[in-house]
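Please read the following report alongside the sequence and the structure displayed here.

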Amino acid sequence: MRLAKYLAQCGIGSRREACRLIEAGRITLNGHIARHTDPIRLDESLNCLDSIELDGAPITKTETLAYWILNKAVGTDCRLLEQDETSLIRLLPKAPRLYPVGRLDKDSRGLLLLTNDGELTHKLMHPSFAHSKTYHVRLNRPFTDEFVEQMASGVRYKNLQTLPCQVRRLSSDSFEIVLIQGLNRQIRRMSKALGYHVIDLERVAIMTLNLRELALGELQEGQMRRLTESEVAELKAVLGSVDLSRVIFRQHGKTL
(Lines give C-alpha, C1' and ligand atoms only; values in the text may rest on other atoms or scores of the structure.)
Protein backbone atom coordinates (compact mmCIF):
# COMPACT_ATOMS: atom_id res chain seq x y z
CA MET A 1 0.00 0.00 0.00
CA ARG A 2 1.22 3.52 -0.78
CA LEU A 3 2.24 5.56 2.25
CA ALA A 4 -0.21 8.43 1.67
CA LYS A 5 -3.12 6.01 1.32
CA TYR A 6 -2.19 4.26 4.55
CA LEU A 7 -1.85 7.57 6.42
CA ALA A 8 -5.29 8.59 5.20
CA GLN A 9 -6.70 5.34 6.54
CA CYS A 10 -5.07 6.11 9.88
CA GLY A 11 -7.35 9.10 10.17
CA ILE A 12 -4.77 11.89 9.98
CA GLY A 13 -6.61 13.52 7.07
CA SER A 14 -7.22 13.09 3.37
CA ARG A 15 -4.65 11.63 0.99
CA ARG A 16 -3.87 15.17 -0.13
CA GLU A 17 -3.20 16.24 3.46
CA ALA A 18 -1.06 13.13 3.96
CA CYS A 19 0.97 14.08 0.88
CA ARG A 20 1.57 17.53 2.33
CA LEU A 21 2.89 16.00 5.55
CA ILE A 22 5.24 13.77 3.56
CA GLU A 23 6.45 16.69 1.44
CA ALA A 24 7.12 18.71 4.59
CA GLY A 25 9.37 15.93 5.92
CA ARG A 26 7.18 15.38 8.97
CA ILE A 27 6.69 11.65 8.32
CA THR A 28 9.42 9.11 9.02
CA LEU A 29 9.37 5.50 7.91
CA ASN A 30 11.58 3.03 9.76
CA GLY A 31 13.72 5.88 11.07
CA HIS A 32 14.17 7.71 7.76
CA ILE A 33 12.41 10.70 6.21
CA ALA A 34 9.59 9.18 4.16
CA ARG A 35 9.01 9.63 0.42
CA HIS A 36 5.78 9.45 -1.56
CA THR A 37 6.93 6.31 -3.34
CA ASP A 38 7.63 4.38 -0.16
CA PRO A 39 5.40 1.28 0.14
CA ILE A 40 3.88 0.11 3.42
CA ARG A 41 4.14 -3.56 4.32
CA LEU A 42 1.01 -5.14 5.78
CA ASP A 43 0.43 -8.58 7.21
CA GLU A 44 -2.58 -10.80 6.45
CA SER A 45 -4.64 -8.94 9.06
CA LEU A 46 -3.68 -5.61 7.43
CA ASN A 47 -1.51 -4.62 10.38
CA CYS A 48 1.42 -2.42 9.46
CA LEU A 49 4.84 -4.07 9.70
CA ASP A 50 6.73 -0.78 9.44
CA SER A 51 7.49 1.94 11.99
CA ILE A 52 5.79 5.19 11.00
CA GLU A 53 5.97 8.46 12.92
CA LEU A 54 4.43 11.91 12.54
CA ASP A 55 6.57 14.61 14.15
CA GLY A 56 8.21 11.88 16.24
CA ALA A 57 4.91 10.41 17.48
CA PRO A 58 4.21 6.83 16.36
CA ILE A 59 1.25 6.04 14.12
CA THR A 60 0.30 2.59 15.25
CA LYS A 61 -3.08 1.67 13.81
CA THR A 62 -5.93 2.80 11.62
CA GLU A 63 -8.97 4.41 13.20
CA THR A 64 -12.45 3.01 12.83
CA LEU A 65 -13.95 4.78 9.84
CA ALA A 66 -16.60 7.32 10.79
CA TYR A 67 -19.02 9.36 8.68
CA TRP A 68 -20.86 12.39 10.04
CA ILE A 69 -23.00 15.12 8.57
CA LEU A 70 -23.17 18.74 9.74
CA ASN A 71 -25.72 21.40 8.90
CA LYS A 72 -23.22 24.25 8.94
CA ALA A 73 -24.35 27.70 10.03
CA VAL A 74 -23.16 31.01 8.60
CA GLY A 75 -20.12 32.19 10.56
CA THR A 76 -18.47 28.80 11.04
CA ASP A 77 -15.01 28.61 9.45
CA CYS A 78 -14.25 25.21 7.90
CA ARG A 79 -10.54 25.59 8.48
CA LEU A 80 -9.44 23.54 11.48
CA LEU A 81 -7.63 26.29 13.36
CA GLU A 82 -7.29 25.82 17.12
CA GLN A 83 -6.84 29.56 17.75
CA ASP A 84 -9.96 30.57 15.81
CA GLU A 85 -13.10 30.93 17.94
CA THR A 86 -15.27 30.40 14.82
CA SER A 87 -13.42 27.29 13.63
CA LEU A 88 -15.26 24.09 12.79
CA ILE A 89 -12.82 22.26 15.05
CA ARG A 90 -14.72 23.54 18.09
CA LEU A 91 -17.82 21.61 16.99
CA LEU A 92 -16.09 18.30 16.31
CA PRO A 93 -15.81 15.40 18.77
CA LYS A 94 -12.38 14.61 20.20
CA ALA A 95 -12.70 11.09 18.82
CA PRO A 96 -12.89 9.95 16.17
CA ARG A 97 -10.85 12.64 14.40
CA LEU A 98 -13.02 14.07 11.66
CA TYR A 99 -12.15 16.25 8.69
CA PRO A 100 -14.45 18.17 6.34
CA VAL A 101 -14.71 16.85 2.78
CA GLY A 102 -14.25 20.14 0.99
CA ARG A 103 -15.30 23.42 2.49
CA LEU A 104 -18.17 25.85 2.65
CA ASP A 105 -17.32 29.53 2.80
CA LYS A 106 -17.66 31.15 6.20
CA ASP A 107 -20.60 33.19 4.87
CA SER A 108 -22.33 30.11 3.40
CA ARG A 109 -24.37 27.43 5.17
CA GLY A 110 -25.71 23.93 4.71
CA LEU A 111 -24.54 20.38 4.21
CA LEU A 112 -20.99 19.42 5.17
CA LEU A 113 -19.66 15.85 5.17
CA LEU A 114 -17.15 14.96 7.89
CA THR A 115 -15.10 11.77 7.91
CA ASN A 116 -11.71 10.18 8.59
CA ASP A 117 -12.06 7.98 5.49
CA GLY A 118 -9.20 9.21 3.31
CA GLU A 119 -10.23 7.10 0.33
CA LEU A 120 -13.77 8.46 0.32
CA THR A 121 -12.42 11.99 0.71
CA HIS A 122 -10.10 11.46 -2.23
CA LYS A 123 -12.93 10.31 -4.47
CA LEU A 124 -15.20 13.16 -3.45
CA MET A 125 -12.50 15.83 -3.81
CA HIS A 126 -10.66 14.74 -6.95
CA PRO A 127 -12.07 16.56 -10.01
CA SER A 128 -11.97 13.43 -12.18
CA PHE A 129 -14.85 11.96 -10.15
CA ALA A 130 -17.07 15.00 -10.89
CA HIS A 131 -19.41 14.51 -7.94
CA SER A 132 -22.52 16.68 -7.76
CA LYS A 133 -23.29 19.33 -5.15
CA THR A 134 -26.63 21.14 -5.05
CA TYR A 135 -27.11 24.67 -3.74
CA HIS A 136 -30.01 27.02 -3.15
CA VAL A 137 -29.03 30.63 -3.82
CA ARG A 138 -30.76 33.96 -3.22
CA LEU A 139 -29.61 37.09 -5.03
CA ASN A 140 -29.88 40.76 -4.16
CA ARG A 141 -32.57 41.35 -6.80
CA PRO A 142 -34.86 39.48 -9.21
CA PHE A 143 -33.09 37.91 -12.18
CA THR A 144 -34.04 37.22 -15.77
CA ASP A 145 -34.45 33.96 -17.68
CA GLU A 146 -31.32 34.97 -19.57
CA PHE A 147 -29.42 34.84 -16.27
CA VAL A 148 -30.55 31.23 -15.77
CA GLU A 149 -29.41 30.29 -19.28
CA GLN A 150 -26.06 31.98 -18.84
CA MET A 151 -25.39 30.29 -15.50
CA ALA A 152 -26.34 26.89 -16.94
CA SER A 153 -24.14 27.35 -20.01
CA GLY A 154 -21.06 28.34 -18.03
CA VAL A 155 -19.69 31.71 -17.01
CA ARG A 156 -16.28 33.25 -17.67
CA TYR A 157 -14.51 35.18 -14.91
CA LYS A 158 -10.86 35.73 -13.98
CA ASN A 159 -9.69 33.80 -17.06
CA LEU A 160 -11.80 30.81 -15.98
CA GLN A 161 -14.70 29.21 -17.84
CA THR A 162 -17.07 27.21 -15.66
CA LEU A 163 -18.54 23.95 -16.92
CA PRO A 164 -22.20 23.64 -17.96
CA CYS A 165 -24.44 22.90 -15.00
CA GLN A 166 -28.04 22.44 -13.93
CA VAL A 167 -29.92 25.62 -12.94
CA ARG A 168 -33.62 26.07 -12.19
CA ARG A 169 -35.56 29.02 -10.84
CA LEU A 170 -37.07 28.74 -7.34
CA SER A 171 -38.51 32.27 -7.11
CA SER A 172 -38.03 35.71 -8.60
CA ASP A 173 -34.68 36.14 -6.80
CA SER A 174 -33.59 32.57 -5.92
CA PHE A 175 -32.46 29.50 -7.85
CA GLU A 176 -31.10 25.98 -7.48
CA ILE A 177 -27.78 25.07 -9.05
CA VAL A 178 -26.08 21.66 -9.35
CA LEU A 179 -22.31 21.83 -9.81
CA ILE A 180 -19.74 19.17 -10.65
CA GLN A 181 -16.88 21.62 -10.15
CA GLY A 182 -15.44 22.88 -6.90
CA LEU A 183 -13.87 26.23 -7.76
CA ASN A 184 -13.27 28.69 -4.96
CA ARG A 185 -16.40 30.80 -4.29
CA GLN A 186 -17.66 29.66 -7.68
CA ILE A 187 -21.36 30.52 -7.40
CA ARG A 188 -20.66 33.94 -5.91
CA ARG A 189 -18.17 34.76 -8.65
CA MET A 190 -20.41 33.45 -11.42
CA SER A 191 -23.28 35.59 -10.15
CA LYS A 192 -21.07 38.65 -9.76
CA ALA A 193 -19.78 38.27 -13.31
CA LEU A 194 -23.40 38.51 -14.49
CA GLY A 195 -24.13 41.59 -12.38
CA TYR A 196 -25.72 40.06 -9.27
CA HIS A 197 -24.74 39.69 -5.62
CA VAL A 198 -25.36 36.53 -3.57
CA ILE A 199 -26.99 37.27 -0.21
CA ASP A 200 -27.70 33.68 0.87
CA LEU A 201 -26.07 30.43 -0.25
CA GLU A 202 -27.02 27.04 1.16
CA ARG A 203 -25.66 23.65 0.11
CA VAL A 204 -28.63 21.28 0.24
CA ALA A 205 -27.14 18.09 -1.23
CA ILE A 206 -23.91 16.21 -1.86
CA MET A 207 -24.63 13.45 -4.34
CA THR A 208 -27.06 11.08 -2.55
CA LEU A 209 -27.06 13.05 0.72
CA ASN A 210 -29.88 15.60 0.73
CA LEU A 211 -30.54 18.02 3.57
CA ARG A 212 -34.20 18.25 2.56
CA GLU A 213 -34.86 14.50 2.53
CA LEU A 214 -34.92 11.53 4.88
CA ALA A 215 -33.64 12.07 8.41
CA LEU A 216 -31.26 14.79 7.26
CA GLY A 217 -34.24 17.11 7.10
CA GLU A 218 -34.44 17.03 10.90
CA LEU A 219 -30.93 18.42 11.27
CA GLN A 220 -31.03 22.03 12.52
CA GLU A 221 -28.28 24.54 11.70
CA GLY A 222 -25.22 23.87 13.83
CA GLN A 223 -26.24 20.26 14.52
CA MET A 224 -24.45 17.13 13.35
CA ARG A 225 -25.00 13.37 13.44
CA ARG A 226 -23.54 10.10 12.20
CA LEU A 227 -24.59 8.81 8.81
CA THR A 228 -26.45 5.53 8.85
CA GLU A 229 -24.89 2.43 7.31
CA SER A 230 -27.37 2.59 4.43
CA GLU A 231 -26.56 6.25 3.74
CA VAL A 232 -22.83 5.49 3.62
CA ALA A 233 -23.41 2.43 1.41
CA GLU A 234 -25.54 4.40 -1.04
CA LEU A 235 -22.96 7.17 -1.27
CA LYS A 236 -20.13 4.70 -1.89
CA ALA A 237 -22.19 2.83 -4.47
CA VAL A 238 -22.65 5.97 -6.57
CA LEU A 239 -18.97 6.86 -6.18
CA GLY A 240 -18.11 3.41 -7.50
CA SER A 241 -20.00 4.03 -10.74
CA VAL A 242 -17.90 3.62 -13.87
CA ASP A 243 -19.37 6.65 -15.66
CA LEU A 244 -20.08 8.92 -12.73
CA SER A 245 -20.79 12.12 -14.64
CA ARG A 246 -23.62 10.45 -16.56
CA VAL A 247 -25.09 8.98 -13.38
CA ILE A 248 -25.05 12.41 -11.73
CA PHE A 249 -26.80 14.22 -14.54
CA ARG A 250 -29.28 11.41 -15.12
CA GLN A 251 -30.37 11.88 -11.51
CA HIS A 252 -31.22 15.48 -12.34
CA GLY A 253 -33.01 14.77 -15.59
CA LYS A 254 -30.17 15.40 -18.00
CA THR A 255 -27.38 13.36 -19.55
CA LEU A 256 -24.15 14.95 -20.72
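The text below describes a sheet and then turns to a loop.

This is a predicted model, in which local features need pLDDT of at least 70 and side-chain atom pairs count only at pLDDT 80 or more, while totals for chains, interfaces and linings use all residues. Residues are numbered from 1 along each chain as its sequence is written, and side-chain values use heavy atoms, with hydrogens and water left out.

An open sheet is formed by 4 strands, which follow the order β2-β1-β3-β4 with antiparallel pairing. At its edges lie β2 (32-33) and β4 (57-58), each of which pairs on one side only. Strands here are DSSP runs of E with at least two residues, numbered from the N terminus, and two strands pair if DSSP finds at least two bridges between them. Strand β1 (residues 27-29) is joined to strand β3 (residues 52-54) by 3 bridges in the antiparallel sense, and the bridge partner of L29 in β3 is I52.

The loop between β9 (156-157) and β10 (160-161) contains K158, and N159 is found in the loop between β9 and β10 as well. Most residues other than glycine have a negative phi. K158, however, has a positive phi although it is a residue other than glycine, and N159, also not a glycine, has a positive phi too. The values are set out below.

| Residue | Phi | Relative accessible area |
|---|---|---|
| K158 | near 45° | 63% |
| N159 | about 65° | 74% |

K158 is exposed (over 50% relative accessible area, with a 1.4 Å probe and protein chains only), and N159 is likewise exposed.

Terms used: Buried means under 20% relative accessible area, exposed over 50%, partly exposed in between (1.4 Å probe, protein chains only).
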